[in-house]
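Visitor: I'd like to learn how to read a model like this one. Could you walk me through it?

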Amino acid sequence: MEDHSADALGPCAARPRSQGWCAIRNALSNLTFLVTLLALLTIPFLELSVWPFLVAFGVAYGFGLSVTIGYHRYFAHRSFGTSRAFQFLLALGGCLAIQKGPLWWVATHRLHHRHSDRPDDPHSPVQGGFWHAHVGWMFASDTLFVDYAVVKDLRKYPELVWLDRLWLVPGMLFAGLCYLTMGWAGVVIGYCMPLVIMLQATYAVNSVCHLFGSRRFETPEQSRNNLWVALLTHGEGWHNNHHHAPYSARHGFAWYEFDLSYQVIRVLALVGVVWNVKVPPKHVMSGEERTAVEAPVAV
Ligand SMILES: [Zn+2]
Ligand SMILES: [Zn+2]
């Protein structure tokens, strides 16, 4: 039975008198996204060679992996097991990628799977159009009141709850470090540019991958497999595969569907950092399954 107590509705809904503060906090968090974007306008005034830009793409890839492996495949779908220490590092990486706190991210994403392309989906392009699904939904006031009852498994870890409340702090410290070591150019190229690249790629999973691409599986929603989004998001673009078997740590089911996140998870499993990696049986990945949901096998 689901927990519908006030506390289960998240920090904002649990304290009605602090809703003003929550609104300010939400506005500030969205302002962060705008500031990172506007900071790029100062690039023409910086004297830079091509190397800092290549480094920026490398940093963006690192941030992206913390979201795809950490926030998405581990926290939201429990696709593998790991230690409490590595779990904290994954959550910290998601905060550095300014994708908000782990509880908020996971609650929102689980609601997406529960109500995919139906009215209660937080970011469906089928319901709200492309730009709503891409970024507009982040500015909707109801994103303040995400149902935290769906993240009870995460709320039992105090460090995750605190990180969820203070999710902006790691990023601010990182930006400060960039400034102290490399000046303003370090903030723009070392942090803001990677964030903008990575955020746009992440947004594309919500918008593009429910509109453009192929459908291997006749899932109830309009999810699609999209090669370009998969390349930009380390395998998240195989979104139709993902909706077909959400528990799977592997999103690229065919040999030609490159899935960097899964390959990194395999390496982490080899060195013992993660374990019980869930992958669907072959007949589920090939679409020859008898039912849509099959027990996963751990590899
Ligand atoms: Zn989806
Ligand atoms: Zn998912």
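Guide: Start with Arg78, found in the loop between helix 3 and strand 1 (81-82). Helices here are DSSP runs of H or I with at least four residues, strands are E runs of at least two, and both are numbered from the N terminus. This is a predicted model, where local features need pLDDT of at least 70, side-chain atom pairs count only at pLDDT 80 or more, and totals for chains, interfaces and linings use all residues. Residues are numbered from 1 along each chain as its sequence is written, while chains are lettered from A and ligands numbered from 1 in the order in which they are written.

Visitor: What is the phi of Arg78 near?

Guide: The general idea is that most residues other than glycine have a negative phi. Arg78 has a positive one, near 50°. Ile98 is another such case, with phi near 40°, and it lies in the loop between helix 4 and helix 5.

Visitor: Is Ile98 buried or exposed?

Guide: Count the other C-beta atoms, placed from the backbone, within 10 Å of the residue's own: 20 or more is buried, 12 or fewer is exposed, and in between is partly exposed. Ile98 has 23, so it is buried. Arg78 has 14 and therefore counts as partly exposed. Over the 299 residues of the chain, 41% are buried.

Visitor: Why do the buried residues of helix 9 line one face?

Guide: An α-helix has 3.6 residues a turn, so residues three or four places apart point the same way. In helix 9 (residues 158-165), the buried ones are Leu160, Leu163 and Asp164. Looking down the helix 9 axis, they fall within an arc of 105°, so they line one face; the arc is that of the directions from the axis to the C-beta atoms. Pro158 and Trp162 are exposed on the other side of helix 9.

Visitor: Which helices do the buried residues of helix 9 pack against?

Guide: Their partners are helix 4 (84-96), helix 5 (102-114) and helix 8 (152-155). A contact means that two C-beta atoms, placed from the backbone, lie within 7 Å.

Visitor: How do I read a helix crossing, say helix 3 with helix 5?

Guide: The axes of helix 3 (residues 51-76) and helix 5 come within 10 Å and cross at roughly 65°. At this contact, Tyr71, His72, Phe75 and Ala76 of helix 3 meet Pro102, Trp105, Val106, His109 and Arg110 of helix 5. By class, the residues of this contact are six nonpolar, two polar and one charged. Here Ala, Val, Leu, Ile, Met, Phe, Trp, Tyr, Cys and Pro count as nonpolar, Asp, Glu, Lys and Arg as charged, and the others, Gly among them, as polar.

Visitor: Which residues is Asn241 in contact with, leaving aside its neighbours within four places in sequence?

Guide: Those are Arg216, Asn225, His251 and Phe253. Asn241 lies in helix 12 (residues 239-244) and is buried, with 28 other C-beta atoms within 10 Å. Asn225 is 16 residues from Asn241 in sequence, yet their C-alpha atoms are 7.0 Å apart.

Visitor: And how many helices and strands does the chain have?

Guide: The chain comes to 14 helices and four strands. Of its contacts between residues at least 6 apart in sequence, 64% join residues at least 24 apart.

Terms used: Axes are lines fitted to C-alpha atoms, for helices over the stretch in contact, and angles run from 0 to 180 degrees between N-to-C directions.
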